[in-house]
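Me: Please take a close look at a single part of this model and describe its surroundings in plain terms.

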Amino acid sequence: MKKFSVLFLALVMAGIVTLSAQARRVFTNPRPEPYFKSLFPNAGGFSTFGGTPLHYKVYDVDPKVNPSAPPVGYIFWTTDVMPNDFGYHGPVHFLVGMDTHGIIQGVVMDYNSEPYGYFSVDPPKFVEQFKNKSVRDPFQLGKDIAAVSRASITMNHAARVLRDATRTMAKTFLNPADLK
Amino acid sequence: MQPPDPWGFDDAPVETWASILAPQYLDLAILAAFFILALVSFKRKSVPLKFVTFAAAIGYMGFAKSYLISITNIFSVLDWNWPIFRYNLAWYLFFGFTVVSTILWGRLYCGRICAYGALTQTLDAILPAAWRVNVPRPIEKRASLIKFGVLAGVIAYYLVTHNLLIYQYTEPFWMFGMFGTPIMWTLLAILLTATLFVRNLYCRFLCPVGATLGLISYATVFRIKRWSECNTCRLCEKTCQWGAIEGPKILVTECVRCDDCERLYLDTQKCPHWRIIEYNERKLRILPLQPIR
C-alpha cells in the first residue's frame, strides 16, 4: 500500500511537471503528421516528437527497420525553436522541414491570428518561396523574400522566425561543413 | 583572438541597439515628423495645416503603412498579446502617441491621425454642402451610442470565439491595405456612399475604436475651455460637425478636437464673448465714467 502511494505521488508530480512544462510551450497543432509527406515526399519514416529544441527526425528508411540509420532531415515548429517571437497578434505557427545540408524542404503555415495574415502569410506563395532556401541565405524582406507592404510586422516576424529557427536547428544538429 | 565562425551566417552574433535600429530609423523619423506636423496644426488651429496633416495621414499612415488603431489592438490588450518591442519601435511610438494624446487632449487621434477619419473629413470639405443630410439632434444623440454597442458586441464576440477577423466587418481600415473580399468591398462601398451624405458617419456613430478612445477621454487633462457666454450661445453647437457640443457642455466621447469651435472662440468678430467685451469697451468710450460726487 505504501509503495502504491509513493508511485501515485510520483505520477502526480510527474503529471504536474509535464503540464507546467507544456503550459510554457506555445500550443500548436498536435497532429502535424499529415504535413510530413509534403515536406519530405521520399521519407521512409519519422521519429517521435522530442529533443531540444523539440523536433521530428526524418529517415530514408523506417527507423523500425534500420534503427541505426542517420536522419536525413528535421521537422520542427518555429514556435518551439523561437518561442518568444511574436507578430502583430501572437506567433505565426510554421512547420518547417530542413534537410541535413541546411536546405529547407518546405514550410507549412498551420495557424496565425494576424489581422493582415490573409494577404501576407496565408497565401501559399508566401511559404513556397522558402522551399530550397539555404540557412545561409539572408531571409530579408525585399531582397530574397518578397515584401508585402502594409503587413510589415507580420512579414518581418515570419521571415525572422524562419531564419532564426532554421539557423538554431542547424547549429544544434548539423555540421557546418555539410551546409550547402 | 576569436576563432572564425564556422557557420558564416550574415546576422550579427549579438544583437545591438544599433543593429536593431538601423532598419527602423527612416520609419521612426517619418512618423515623428508626422506627429510634429499634427501637433503643430492642432496647436496653431490652422486649417491649411490641418489639411496637410490629413493628406499625410491618408497617404503615409494609411496607404503606405496602414498605421491605424484597430479593434484588433483592443483584442491585443485583452489577451496581452503584443508585437516584439525592439523590432517594432515605430508601431509602439504610434500606439503610445495615440494613448498619451488621448489622455492629454481627447480624441485627437480620431480628428487628425486616423487615415480613415482624415479621408472622410477631406471628403466632407470637398463635397458640395447641398449634398449633406443633417441628422436631427435627437437622432444624432441616440445614434452616437451605437458605437458603444458595436464595441461591446465585438469584444463579446471575440471573447467567445477568439476570431479576430471580425474586424473585417466592423471597421473599414483594411481598405488602406487594398486587400478585401467581395463582401468587404461591398460593405465599404455602402459605407462610403452613405458618408457622402452624412458627414463622418462611421466615426460618429459606428467606430468601436472611437468609442474606446471616447471612454479614455473622460480622463483628458487639457479640455476645451468654455466662456460663461457659452451657457446661452449656440453658435459652436451649431457649427460642430461631430455633435459634440450640448449647450455649455462638450461631450468628451464625441469631441475629436477638430478645432472648429476653438477657432470660433478666437474669432473676435463672431464669438459673443469678444463681441460683448468690445461692446462694453465701446460703450465706455462713448459714455466715459464720471466720478461720483
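Reply: L215(B) lies in helix α13 of chain B, where helices (H or I, at least four residues) and strands (E, at least two) are DSSP runs numbered from the N terminus. The model is a predicted one: local features need pLDDT of at least 70, side-chain atom pairs count only at pLDDT 80 or more, and totals for chains, interfaces and linings use all residues. Residues are numbered from 1 along each chain as its sequence is written, and chains are lettered from A and ligands numbered from 1 in the order in which they are written.

L215(B) counts as partly exposed because 14 other C-beta atoms lie within 10 Å; a residue is buried at 20 or more such atoms around its own C-beta, exposed at 12 or fewer, and partly exposed in between, with C-beta atoms placed from the backbone. The C-alpha atom of L215(B) is separated by 32 Å from that of Q24(B), which is 191 residues apart along the chain.

Helix α13 (208-216) is also among the elements that cover the buried residues of α4(B), together with α5 (89-105), α9 (146-161) and α10 (167-170) of chain B. Those buried residues of helix α4 (residues 71-78) are I71(B), T72(B), N73(B), F75(B) and S76(B). After α4(B) comes W80(B), with a positive phi near 45 degrees.

For context, chain B has 16 helices and two strands, and 33% of its 293 residues count as buried. Among contacts in chain B with a separation of 6 or more, 70% join residues 24 or more positions apart, a contact being two C-beta atoms, placed from the backbone, within 7 Å.
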